[in-house]
Amino acid sequence: MTKATNMPEAVRVGPPPHELERPPLIADRPGVGWVSDVVARIAEGPTPRWWWLAFGTALLLLGLFIAMVAYLATTGVGVWGVGHPVMWGWAVVNFVWWIGIGHAGTLISAILFLLRQRWRTAVNRLAEAMTVFAVICAALFPIIHVGRIWYAWWLFPIPTSNGVWPQFHSPLIWDVFAILTYFTVSVMFWYTGLIPDLGLMRDRARTRFRQFLYGLFALGWTGSSRHWHNYQKAYLILAGLSTSLVISVHSIVSLDFAATQLPGWHTAIFPPYFVAGAMFSGFGMVLTLVIPIRKLCGLEDIITLRHIDLICKVTLATGSIVIYAYIMEALAAWHAGQPYERFAIWNRVVGPYSWACVIMLIGNVITPQAFWFRKVRRNLALVWILSIVINIGMWFERFVIVVSSLNRDFLPANWGYYAPTWVDVCTYAGTFGLFFTFFLLFLRCLPVVAVAEVKSIVPAADSHAHASGDSNRC
Amino acid sequence: MNRTQPRGISNDRDRTRRRNAGASDANESGALGHIDVSHGLGGMDDVVTRRHFVKIMSASCLLAGVGLTGCRRPVETIVPFTRLPEGYIHGVSQYYATAMPTRDSAVPLVVRTHEGRPVKIEGNAEHPDQPTTDSQEHHHRGTDRHAQASVLSLYDPDRARRFGRNGENAPRQQALDFLASVSRKFEPIGGKGLHLLMERSSSPSRGRLQSLIRRRLPHAQWHVYEPVDYDVHRQAASLLFGKQVRPVFRLERARRILSLDSDFLAAEENSHRTIHSLAISRRLNSSDQEPSRLYVAESLYSLTGANADHRLSLSPSRLLLLAELTCAEFIAQSITKHRETDTAKLAGELRRRASPLPHSTSQWAKTCVADLVAAGPGSLVLAGYRQPLLVHLIAHALNLWLGSVGRTVEYVEAPARPELSIADLAAELEAGRVDTLVVLGGNPVYTAPADLDWTRAQRKATTVIRLGQYEDETSAVSDWQIPQAHYLESWGDARTGDGTVVPVQPLIEPLFGGLTEIEVLARLGGLTPTNPYEIVRDTFRELCKEGVFEERWRRFLHDGFLVGSASPAVRVGEVDWSILSAALSETENHKTPRAHQIEVVYARDTRVDDGRHANNGWLQELPDPVTKITWDNVIAISPKTAKQLGLQVTDKDGKDLRAPIVRLELNGRAIEGPIWVQPGLADHTVGLALGYGRTAAGRVGTGVGFNAYSLRVSRAPHHATGANLSKTGRTYPLACTQNHASMEGRPIVREANLEVYRANSRFARAMDSDTSRPARSPALYPNPLARMSTSARHQWGMSIDLQACVGCAACVVACQSENNIPIVGREQVRLHREMHWLRVDRYFAGPAENPEMLNQPMLCQHCESAPCESVCPVNATVHNDEGLNVMVYNRCVGTRYCSNNCPFKVRRFNYFDYHRRPLARLNVSPLVSATDGLWDTKRWWHDPDRGSRPEDEWNLLKLVQNPDVTVRMRGVMEKCTFCLQRIEQAKIERKVAAADSNRVEVEDDSFHTACEQACPAGAIVFGNVKSPHSLVAVSKADARSYQVLDHLNLNARVTYLARVRNPNPAMPDYHPRPHSTEEYLKHGGRLEGGFSSVTGTSLKTAGRPGGER
């Protein structure tokens, strides 16, 4: 509330007019302690009934997943619907989809951190948790989808007694590296961000057990400025590392397709196209998760409508890149002058999988257009539904790419059709069990919002709030 | 191949008898492990013998177990392994000449045995009945798919394993005693009341025994029944020429061939030989040669029609008219000088009868006849076995008038066949005059004409004795069941198509103690000796009177034929007009078929024949060459008829192929089956393949398809008219290996008409795309294998001549047999999981009423820049320095990435443990199942290699495996290896022969891949492309050579020779370009330069999905 009186009138900057004032990111409540209370209460309070219900369902699905994998491993890949010519089916679709989901967390944490997007602080913890669990779900598929699961470890560069290394030309090997690296760095990044909050949880703990466990993982965090200094450096470095990985992991996943010579797969546009698609689906999934959680966990004051609004905008932006990629893909195929390339795209649109293509276009092209409208962005129920449509659309995008390129390739004699079996469907459903088991445990055990970071952006923490007029920069 | 065939005469007889099965065998093989194998195998013998020891152990235990249950007859020569047979090297295969008897002929074979078990069938290249060939011909002889697959039937666990009396087990001796008692019973009464029902056979021994028995039992009656009977060829020739003759066709000398419903490439006898002959007549080494021209008029879409230059589809009744018109035209065009009244009268009568034919058809006939007449003695007219006698008479008469006799057709001596028919037998049975009925082979309860009501008729005999390979439908209503020995376990003899006598010698002791037909005959007739070995020797003694018997006998067994025993050709004179006229007046013309007066054609199935191979999994899973359907027969109808009846096969783009089930009614009898809309089929005609719908075939063949025999009556065994199709409203899922029939204008199979080929012999390469032209600048990243390949001694490659290939698929079965390829069952085929490493792609081009069909054998192309290799994450598929794309099964984890990146999709993935699980339980987890009373997981724990096949299946089916090829487990990708095992054997042999010299290059064309060796057309050529004189190098240098998908720059080691059609420009259905080329042009392809990368063809024509069928 101080005024720079010694400044000439001409350069003095007044507060913006009221209509240009941005709405606050976080609710303006007195003090900063309320943030700790709100967040820690989720883990500390009594277990709500919805949690038990959700957790029970997730465990059932997890059991289903384990049963399906046991069936698959003991019986053979034939329990799935794959056959000639579509040798990759739902497993690979699910893999790419989950990896795409796993994009948003690191993107929010790292790239938005580097870009100084302060609104990220309210959702980054949730999103990062989502990333870690989604990558786990994703990484399972390449392992279980191989014919001899018990030899899947041959994909890892372990010098075995037979002295054969993996074949480094193969994009699947690049996948192994890309996913492992991404997973490792994502976990580290997530954990590093958790340390100050774990300290908080330790300090608030009421039982010895909790105190011990939180204390153990808080790594002796005291909140000294030296700790803060080191912490922020480490965080920045990890953010830098993660940023490149966000780009690399899905680029490399896309090379599984782009490095082949199959029309419909063999496309140079795939790496950026896949990254954009991954961000798009990742943000879609963040919306799907955040909207119910803020309600159920009472986080409305921290994850505000503003956040939802902003996430919708990012979704719209990445979705537009995806649309651009679709157009470019078709254009490149048309320009190839090869009947094979043209046919691949044509087959997608009007071939036997045109229904999948339609779902994909509805999900990824039409749905995000709704986010041009502020009214839509602020309508939580609608956004939640649309986000699910986007998730479905993105799943079908991967399905269209994987299946409708393989089903009709060079020799018409090979043309065929692929349909999943109940095992495919149950395996996919089972991964949700895996994901939500982890996610629900996370909700009950760890601070779901980065308390320390949010505290830095609550209105009360900003001593210059009304002087510069942009206290809630986003 | 013949390098390992024992050439010496000594010891042959010893080797022709296999060793006595038993424990001593196993001990000996164990001991043999220590024998120094000094022929270059030394480094491997430990491993090899240990494995072999285990295999022999199990085989021997099995044989001991089964064999000792009955009292065995004494074996002539038992070679104890304490003394090693001369020339025997443990672990090295041996080859024996034998023959597979067929109805009127036999397929001369050389069979590979491995430690006493036959594992692979090959043609006998030395057999004298070879089409005359030029120097470039292969020195091998193809076989047909039935011969290739017969080795699986040997080890069929469902074969009759016991002597049975009224369904109860009976000791073998009791059965033999009973046969002897029959002989004693009938001798005093001269055989009255004794009836024998047999199949056709060319066996001289059987003929001799028959005449001996006739002398002892003059009143015994002999009947012969074949559901598919080729005897009409003999009958017609004998009738027309008034001499006991039968025709032998020499297609290799023909320039113009007219087939009147003769599917000589698939359904007729000796198809392996005719395919070879046709290939020779079509050979195209230079552009001044003219391939023969084939005219085919037929009702169904047969393999022969598929290879025709001009094909006409007509319903059977129209076909008869066409034959009549052809004869009339011929008389009009050619026999001008004989314008005698009776000739002219005959021609007039023929023409009058043929008048309902439309103008276009008569024009077709007229032009065709003109072409035949112009070619004169180079012409050949063939009539199919389904055609009535009249058509056969016309065909023979035309051949005679054309001067073709002695050139494209020869008439050879053929003894009259006094046997009675099955209808006579049925009458005798009904009259109660049959005391003892002996059914030797065949399966009359299943195959007999429906009007005879055979099941009931057979019961009227007091005693029915049945000799059969299976306990099948007929066994169920017989009093005595005697297991029949498989031909690979039998002593016997036969005559091949030209009459040459060939031995049938056993390669293994009868697995289930079965008897052969001649042994049963001898016992029934009370003859001595009863031992088939002695019987065959006695016959042979009569056949070759001169020379030292023992020496000739050994040579006979060794060579697999008796030199100079071919039936002598008979000069035939003038045609007796009155016979033609008489036949004409006896043959009634049918009305034109309509939608509700449908004509039915019963066809010999291309896979299970008349049902005899129904329990052979390889054949059940072999796609029909035209429909590509497996594991079923269908009611084939034409697209137009289907439309009229409102029937349509739904495909849902290959996901769920379902055919409506229809009810086919014919004279009060009805069957139900799925329809199949077959382009090119005659309208208002249905094709029914025989041989399906078996009720007691075994665990493979029971319940597969529907039984067309239940419609078939003795009056109309081949064609019937007046059938009615009605919908049932139900649908049926079919298993088809190829969903899409159109090539979509892509230059995959390239072809041209002869004129185009003459103008530009490199027409196929001219269709290559721009991008596959060599780059002007050197590659930035040269293929590292290119350097390796210059240093390696051999570079393997293959060339497939699409001009010669007829699509018979013998290669597919040969590959399956050689490379231990499992069958997967119909449900898995529906999921496109069949395992064939080599398949024959079939495309249709042109109008649905009469499309052209194209075949393309498709196998791993062994690309030099192989897309599969670069994507495998574990180095499981790699290139070797000899240019092979090698699959390392042990290393494969099964990501299936390689298959996705394979442009030809020739890699096959073992989705379940197809080798170790029974077909019905492929997708059952061992966690929840039990086999033979033991939890499968526990079984697996005890023996991870065991699987869940029942004991009998497991013990027998593992004997059929080729020991040189890995039996792949589940989760592993597999594909064609170019028969790597054969390559290595050839290299080892060469190295052994080279000794200290450095000449270790394998001699050109000294060995063959399995597909190449089985190919009756000689279409597949494999060898060292580095050697400029090898057949493959010569073939690849041919102007017609091209690569499929050239634009991908794969440098495939498999190349194809484009097909050249030779249509007659005067014909009404002539078109200057093959339909496939027209489609290619329509899709924007150019005859010079492939698809343009500049011009934009409209997206619509670039590929129109959903254009199936």
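Across the interface of chain A and chain B, one salt bridge is found, a salt bridge being a side-chain nitrogen of Lys or Arg within 4 Å of a carboxyl oxygen of Asp or Glu. The side chains of Asp409(A) and Lys905(B) form this salt bridge, at 3.0 Å from N to O. The model is predicted, with pLDDT of at least 70 needed for local features and 80 or more for side-chain atom pairs, while totals for chains, interfaces and linings use all residues. Residues are numbered from 1 along each chain as its sequence is written, chains are lettered from A and ligands numbered from 1 in the order in which they are written, and side-chain values use heavy atoms, with hydrogens and water left out.

Between chain A and chain B, 40 residue pairs are in polar contact, both residues being at pLDDT 80 or more. A polar contact is a pair of N or O atoms within 3.5 Å; within protein, one must be able to donate a hydrogen and the other to accept it, and residues adjacent in sequence count only if both atoms are side-chain atoms. On the side of chain A that touches chain B, two or more residues each come from α2 (49-75), α6 (171-204), α8 (225-258) and α11 (339-350) of chain A. Helices (H or I, at least four residues) and strands (E, at least two) are DSSP runs, numbered from the N terminus. The largest share of this side, seven residues, belongs to α11(A). Sorted by class, the side of chain A that touches chain B holds 42 nonpolar, 21 polar and five charged residues. Here Ala, Val, Leu, Ile, Met, Phe, Trp, Tyr, Cys and Pro count as nonpolar, Asp, Glu, Lys and Arg as charged, and the others, Gly among them, as polar.

In total, 68 residues of chain A are in contact (heavy atoms within 4.5 Å) with 84 residues of chain B. About 6000 Å² is buried between the two chains, and carbon and sulfur atoms give 57% of this area; buried area is the accessible area (1.4 Å probe) that two parts lose on being put together, summed over both. His84(A), Met87(A) and Arg148(A) supply 12% of the area that chain A buries against chain B, more than any other three residues. His84(A) is also joined to Pro85(A) by a cis peptide bond, with omega about -5°. Pro85(A) lies in the loop between α2 and α3 (90-101) of chain A.

In chain B, three strands form an open antiparallel sheet in the order β1-β2-β3, where two strands pair if DSSP finds at least two bridges between them. The edge strands, β1 (94-101) and β3 (117-123) of chain B, each pair on one side only. Strand β2 (residues 106-114) of chain B pairs with β3(B) over six bridges, and His114(B) stands opposite Arg117(B) in β3(B). Helix α4 (residues 145-154) of chain B packs on the sheet and touches β1, β2 and β3 of chain B, its direction making about 170° with that of β3(B). Axes are lines fitted to C-alpha atoms, for helices over the stretch in contact, and angles run from 0 to 180 degrees between N-to-C directions.

Elsewhere in chain B, strand β22 (residues 658-666) is joined by seven bridges to the antiparallel strand β25 (residues 719-733). β22(B) and β23(B) form a hairpin with two residues between them, and Asn667(B) in the turn has a positive phi of about 45°.
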